[in-house]
Amino acid sequence: MAIAKVEPLTTARALRGPFDYRLPERLADVGVGTVLVVPFGHRRVLGVVVELAEQSALPPERLAEPISALAAGAPAELVRLGLWVAREYCSTPARGLELVLPPGTASARGQLKARSRLLAEATAEAAAALEGGPGLGPRQRRALELLLAAPAPLAAAELAAEGISRDTLRRLEGRGLVSLVEREAGRRPANTAIGAPASPVTLDPAQRAAVERIVAGIDGDGGQLLLHGVTGSGKTEVYLAAAQAALDRGLGVIVLVPEIGMTPQALTRFRSRFGDRVAVLHSRLGAGERRDEWHRLRSGEARVCVGPRSAIFAPLSGLGLIVVDEEHDPSYKQEGDPRYDAREVARRRADEAGAMLVMGSATPRPESWLGLERVELAERVDGRSLPSVEIVDMRGRDGREGPLHPITRAALGSLRAAGGKGIVMVNRRGWSWHLSCHSCGRAWGCPQCDVSLIVHRDSGDLRCHHCGHAEPLPGSCPDCGSVSLARAGSGSERIETLIAELIAPLRVFRLDSDSAARQGGHLAILAEFQAAESGVLVGTQMVAKGHDFPDVVLAVVIDADAALRFPDFRAEERTFALVSQLAGRSGRGARSGRVVVQTLAPGAAAIRHAAEHDTAGFLAGELGRRRELAYPPYSHLIRIEITGAGAPRVAAAAAGLRDALDAGLPADARALGPAPRFRLRGRERSQILVKAGERAPAVAAVRAAVDTAATARELKDLAVSVDVDAQ
Ligand code: ADP
Ligand code: ZN
Ligand code: ZN
């Protein structure tokens with residue numbers, strides 16, 4: 001008897017699959033990865049076949065038969081990967097599997113149909129029929145005339161515009177005068193070109209050595225390495241050459257880029273080298289486009305996939321190479337359940353496929369520096385030098401002097417005098433970070449979250465950056481009536497205004513999620529900045545990421561230490577990466593670059609080392625500190641968060657979970673907390689942190705405790721989320 005073991009696509013944590021179904025003859029070609037419609041209790045649900053078997057532990061008469069099978073499923077190797085993600089990140093099998101299924105499977109409860117076009121063509125008999133034959137209606141005559149005159153088949157949609165219906169065409173088809181074919185109309189995502197098109201370059205010796213090392217891995221058993229190349233050292237050219245080598249060997253390639261926003265730039269370079277063999281997968285594609293690109297990869301028509309983190313699940317067979325560009329970027333970690341890290345998934349996938357994994361960055365993570373073989377690109381291409389960096393001490397300045405130091409003002413001023421472009425990075429969007437009353441001290445906070453509201457002048461309101469709450473900007477204090485309200489901190493709107501005054505008539509382009517939402521996406525803004533003769537791009541962290549504009553000669557960081565003030569052990573690492581990356585945007589062309597870093601912490605290691613372009617020095621110090629404190633990569637952190645209404649209930653549930661954990665954790669792991677966290681979207685939160693030596697046993701213990709808790713009464717209406725390798 002043929003048995004299919006099926007994981008139902010339902011999200012209930014308490015459900016223990018897979019469940020056995022008996023396969024009838026009509027479903028003989030069901031395999032691992034097939035999506036079935038199955039009876040489940042009193043419902044019908046979708047389920048994924050995760051295994052085939054000969055026998056079941058249950059007697060045959062207790063097994064149900066699936067109702068039907070969907071046409072498209074996932075490749076077997078991706079089913080294994082999806083289940084691995086579910087296990088590794090304490091999620092459910094359904095959530096893990098949803099990552100690898102054809103787009104639309106789970107949400108549409110049925111597959112999105114391929115969009116097809118009906119094409120009509122006149123047959124050999126058509127001309128004669130039109131000449132003499134009787135019995136043709138006026139519509140039919142008109143249809144034949146048009147079809148005979150056309151050099152190629154016409155779409156039914158075009159004919160409809162002439163008043164000729166599909167019925168008319170069908171009737172002509174019945175008489176043998178017209179032939180009709182359905183053709184699938186491929187939807188190909190449009191691509192706005194940003195950045196230099198990839199005319200092939202001659203690789204320099206360091207690039208060549210890197211490519212040779214990667215190709216040796218592709219030809220061998222795969223492996224993993226870190227490509228550490230300073231900004232502008234030509235890493236992308238190395239990826240392109242390595243991808244070429246993989247394609248030459250008939251192997252597939254995945255290229256991960258940090259954010260959807262970076263996809264078009266990478267896509268442009270890969271498309272101009274490899275054309276239609278490149279597909280793109282990301283969540284902002286239309287549902288139809290996503291489905292078509294997925295199937296182009298699945299069928300082997302496309303052999304390179306470019307995209308943000310979810311592209312690691314691209315249905316490519318015969319994988320030879322995975323590239324993770326800007327591997328330090330936090331966006332590789334998924335924020336919702338399953339909270340997977342695409343870099344870890346990439347390691348797993350490369351391992352299973354025997355593919356080569358290349359992690360590239362100018363500012364690698366301590367984890368990669370410690371754990372991976374390293375290949376260096378130590379110089380910028382064409383002998384260009386790294387820009388000189390000036391640290392500007394902002395301590396002891398009077399608030400009335402404004403957020404721009406005289407040195408910064410002078411640097412921007414010289415931009416106006418000499419022409420060229422500048423990029424300015426600000427920590428936060430909005431006008432100012434905090435509003436309070438001078439007279440009574442009232443501070444404006446979010447009613448849903450325990451955070452300050454941000455002043456937005458563009459839209460004239462106060463907004464919460466966590467939950468989206470907005471209220472009108474007050475003219476006076478509702479508590480004491482005072483009109484003397486104080487604003488503190490400078491966001492992108494305010495810096496934009498100040499710089500515009502300073503550099504007029506040069507233009508300022510603002511890039512943050514507010515301006516992007518209004519001005520047709522941030523690509524449109526970047527394209528404008530690129531096309532402009534000169535000007536300054538002001539924005540949040542987005543401006544630091546990977547752009548290659550050769551005419552940028554000045555980069556400014558307004559508040560380099562802002563990230564350092566977060567109580568997070570990765571704050572130093574983030575700050576180093578941000579300042580180095582922003583500096584790396586400057587001086588990539590013929591003119592040498594300059595960088596100004598304003599900070600309240602001029603002595604901080606992250607800032608000093610970034611100014612000296614000293615990655616090795618920074619990472620040596622940082623790894624020493626991590627080792628002393630037993631932080632990753634010398635341990636693993638698992639964060640468990642309980643959220644819900646009512647602080648006492650949340651606290652009690654967290655305490656219960658802590659007890660369950662204590663009973664099950666391995667000897668090298670220990671739990672910290674529960675500790676309350678600030679309220680978010682009206683929900684109370686409590687957090688337990690597990691610090692473990694070895695990862696797998698600790699994850700297993702946490703999973704067991706959470707699964708048990710999920711069925712317990714105390715946790716009803718509360719949500720538990722687990723974040724393995726929390727950021
Ligand atoms: P990275 O990714 O390391 O920042 P890129 O690959 O974007 O660097 O390269 C920076 C610029 O230098 C690009 O415009 C690229 O076309 C150019 N470039 C890269 N390698 C070479 C080379 N060997 N010769 C000439 N130009 C190169
Ligand atoms: Zn007041
Ligand atoms: Zn809020």
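The shell around ligand 1 is made up of 4 nonpolar, 6 polar and 6 charged residues; here Ala, Val, Leu, Ile, Met, Phe, Trp, Tyr, Cys and Pro count as nonpolar, Asp, Glu, Lys and Arg as charged, and the others, Gly among them, as polar. The model is a predicted one, in which local features need pLDDT of at least 70 and side-chain atom pairs count only at pLDDT 80 or more, while totals for chains, interfaces and linings use all residues. Residues are numbered from 1 along each chain as its sequence is written, chains are lettered from A and ligands numbered from 1 in the order in which they are written, and side-chain values use heavy atoms, with hydrogens and water left out.

**Ligand 1**

Of the 16 residues around ligand 1, those that come nearest are Thr202, Gln207, Lys235, Arg269 and Asp548; a residue is near if one of its heavy atoms lies within 4 Å. Helix 9 (residues 235-248) gives the most to this shell, with 3 residues. Helices (H or I, at least four residues) and strands (E, at least two) are DSSP runs, numbered from the N terminus. The table lists polar contacts of the ligand, meaning pairs of N or O atoms within 3.5 Å.

| Side chain | Atom of ligand 1 | Distance |
|---|---|---|
| Gln207 | nitrogen | 2.8 Å |
| Thr236 | oxygen | 3.0 Å |
| Arg269 | oxygen | 2.9 Å |

Taken alone, ligand 1 exposes 560 Å², and the protein buries 82% of that (Shrake-Rupley method, 1.4 Å probe).

**Helix 22**

Helix 22 (residues 695-711) has 17 residues, which at 1.5 Å a residue should span 24 Å; the end C-alpha atoms are 25 Å apart, in agreement with this. The expected span is 1.5 Å times one less than the number of residues. Arg695, Ala698, Val699, Ala701, Val702, Ala705, Val706, Asp707 and Ala709 of this helix are buried, that is, under 20% relative accessible area (1.4 Å probe, protein chains only). Their cover includes helix 1 (76-88), helix 21 (647-664), and strands 27 (636-644), 28 (669-680), 29 (683-692) and 30 (719-724).

**Two buried residues**

Thr10 sits in the loop between strand 1 (3-8) and strand 2 (19-22). Its relative accessibility is 15%, so Thr10 counts as buried. Beyond neighbours within four places in sequence, Thr10 is in contact (heavy atoms within 4.5 Å) with Leu15, Arg43, Val45 and Ala94.

Ala266 lies in helix 10 (residues 263-274) and counts as buried because its relative accessibility is 14%. Not counting residues up to four places away in sequence, Ala266 touches Val257 and Val306.

Definitions and conventions
Buried means under 20% relative accessible area, exposed over 50%, partly exposed in between (1.4 Å probe, protein chains only). A polar contact is a pair of N or O atoms within 3.5 Å; within protein, one must be able to donate a hydrogen and the other to accept it, and residues adjacent in sequence count only if both atoms are side-chain atoms.
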